[in-house]
Amino acid sequence: MKIMVNDLERQFLKYKDEYERKAIEVLRSGWYVLGNEVKSFEEEFAKYMGSKYCVGLASGLDALSLAFRVLNIGKDDEVIVQGNTYIASVMGITLNNATPVFVEPDKYHNIDIDKIEEKITDNTKAILVVHLYGQATNMDKIMELAAKYNLKVVEDCAQSHEAKYKNINTGTFGDIGCFSFYPSKNMGAFGDGGAIVTNDALLAKEISVLRNYGSEKRYHNKVIGVNSRLDEIQAGLLRVKLTHLKELNEERKNLSERYSKEIDNELIELPKVRKDSTSVWHQFVITTEYREELIEFLEENQISSLVHYPIPPHLSEAYQYLGLEKGDLPITEAYADKVLSIPLYNGMTNQEQDYVIKYLNKFELKK
Ligand SMILES: *Cc1c(COP(=O)(O)O)cnc(C)c1O
C-alpha cells in the first residue's frame with residue numbers, strides 16, 4: 001500500500017458535487033473578483049468564528065503583513081513570536097520592517113508563555129501568537145501580558161481554523177486573527193486565499209481598502225495599497241467548505257485519537273494537547289531522536305512523511321541579517337531535528353491508517 005502524507009483529492013471527492021455546482025455557478029455569474037461570494041463568505045466566516053468582521057484576502061501571508069501594517073507596526077518595532085513557526089509568520093513581521101524576537105516553544109509546540117516576559121523591551125509592540133499544528137495557545141496568559149505591557153496581539157490561525165481555547169475560537173482573542181486557505185490547510189480553498197477577522201471596524205475597513213490598491217472608491221487612492229483580493233470562485237468554494245468544517249475537523253480528530261491510542265513504540269513520542277485547548281490536528285507531529293532512520297524505514301514501506309519544519313526561521317538564509325546562530329534557540333533547533341508529521345488527511349481510510357500504525361509500531365533500530 002502506498003500512503004501519501006496528505007491527499008487533497010480525497011477531501012475534494014467528499015463533497016465533489018457541491019464544489020462543482022458552486023464553481024459552475026460562479027463561472028456563469030460573469031463576476032469574478034470582489035463580488036457577492038466574497039461578501040457572503042466574509043459575513044459567514046466572521047459569524048462562524050464569533051468575530052464582528054472578516055476581510056477576504058489573497059493569502060495568509062498577506063493577512064499577516066496587512067495586520068501589522070494597520071496596527072502601525074514597522075521600523076524600530078519588535079514583535080514577539082515563537083522560534084519554531086513556519087517562516088511566513090516571520091515574514092508577516094519583517095515585510096513591515098519590524099524585527100522578530102524569537103521565544104522558545106513549550107512541549108505543545110506553542111510559544112512558551114513563561115519565556116515571553118524576559119524578551120519584552122521598550123520597543124516591543126506586539127505578540128504574534130501561532131496556534132501551530134492546529135493547537136490553541138494558552139490565550140489567558142498572552143492577553144494578560146498584552147494588557148500589562150500594552151501590546152497588540154495578532155493571531156496566526158493558518159493552521160487552527162476552529163481550534164478553541166476555553167471554548168473560544170482562535171483568531172478572536174487578539175486585535176486581528178489571520179487565516180490562510182492554502183489548499184492543504186484544514187479549511188483549504190482550491191488555490192490561494194486568506195482572511196483576517198477582527199472586532200475593530202476601523203481595522204477591518206483599513207485592510208479592505210489596502211487590499212484593493214488603497215482605494216475605497218475606484219480611481220480614488222488614499223494610500224499605497226496592494227492587490228490582495230480573494231476571488232469569487234475561491235470565496236464560493238470556501239462557503240461550501242465552511243458548512244463542512246466541523247465534520248472535517250471531527251474526522252481529523254478521530255484519526256488523531258486513533259494514532260494516539262494505537263501508536264506504541266518507545267522510540268516515538270506522541271503529541272500532547274494542553275488542558276483548556278483543543279487541536280484541530282492540522283498535522284499529527286511525532287517526535288523522535290531517530291528521525292532519519294524512521295523516514296527511511298517508512299519510505300521503504302511506501303509511507304511518506306514530512307518535516308514541519310527542518311530549518312527554523314532564525315537559521316534560514318533569509319534571516320541571516322538578524323545575526324542569530326545555531327545554538328541561540330536550542331529547544332526550537334532540537335524540534336527542527338526531531339519532529340515528523342505522519343500521514344493525516346480527510347478521507348484517509350481505516351486500512352490506510354492500520355498500515356501506517358503497523359509500520360510505526362514495527363520500527364526499530366538496526367543492530
Ligand atoms: C500556511 C501558513 C502561513 C501562510 O499562509 P499562505 O496562505 O500560504 O500565505 C502562515 N503561517 C502559518 C503558520 C502557516 O502554516
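Author: Let us begin with a charged cluster: K22, E25, E37, E44 and R239 are linked in a network of salt bridges, where a salt bridge is a side-chain nitrogen of Lys or Arg within 4 Å of a carboxyl oxygen of Asp or Glu. This is a predicted model, in which local features need pLDDT of at least 70 and side-chain atom pairs count only at pLDDT 80 or more, while totals for chains, interfaces and linings use all residues. Residues are numbered from 1 along each chain as its sequence is written, and side-chain values use heavy atoms, with hydrogens and water left out.

Reader: How many salt bridges does a search of the whole structure find, and what do the side chains of E42 and R211 form?

Author: The general idea is that side chains of opposite charge can pair when their charged atoms come close. Searching the whole structure gives 27 salt bridges, and one of them joins the side chains of E42 and R211 at 2.9 Å, N to O. E42 belongs to helix α3 and R211 to the loop between α7 (201–210) and β10 (215–217), so this pair ties together parts that are 169 residues apart in sequence. Helices (H or I, at least four residues) and strands (E, at least two) are DSSP runs, numbered from the N terminus.

Reader: Are E42 and R211 buried or exposed?

Author: Buried means under 20% relative accessible area, exposed over 50%, and partly exposed in between, with a 1.4 Å probe and protein chains only. By that scale both E42 and R211 are buried.

Reader: How are R258 and E262 placed in helix α9, and how is each of them classed for accessibility?

Author: The two are four residues apart in helix α9 (residues 245–262), which means that about one helical turn separates R258 from E262. Their side chains meet in a salt bridge of 3.0 Å, N to O; R258 is buried at a relative accessible area of 18%, whereas E262 is partly exposed at 35%.

Reader: Why is helix α4 described as largely enclosed?

Author: Eight of the eleven residues of α4 (residues 60–70) are buried, so the helix is largely enclosed by the rest of the structure. Among the buried residues of α4 are L64, L66 and F68. After the helix comes N72, whose phi is positive, near 60 degrees.

Reader: Which other residues have a positive phi although they are not glycines, and where do they lie?

Author: N150 has a positive phi of about 55 degrees without being a glycine, and its place is the loop between α6 (139–149) and β5 (152–156), where N150 counts as exposed at 70% relative accessibility. Q302, likewise not a glycine, has a positive phi of about 65 degrees; Q302 lies in the loop between α10 and α11 and is partly exposed at 43%.

Reader: Which peptide bond is cis?

Author: The bond from H308 to Y309 is cis, with omega near 10 degrees, and Y309 is found in the loop between α10 and α11 (330–338).

Reader: Finally, how far apart are K52 and N199 in sequence and in space?

Author: K52 and N199 are 147 residues apart in sequence and 4.8 Å apart in space, C-alpha to C-alpha. K52 lies in the loop between α3 (36–49) and β1 (53–57), and K52 is exposed, with a relative accessible area of 60%.
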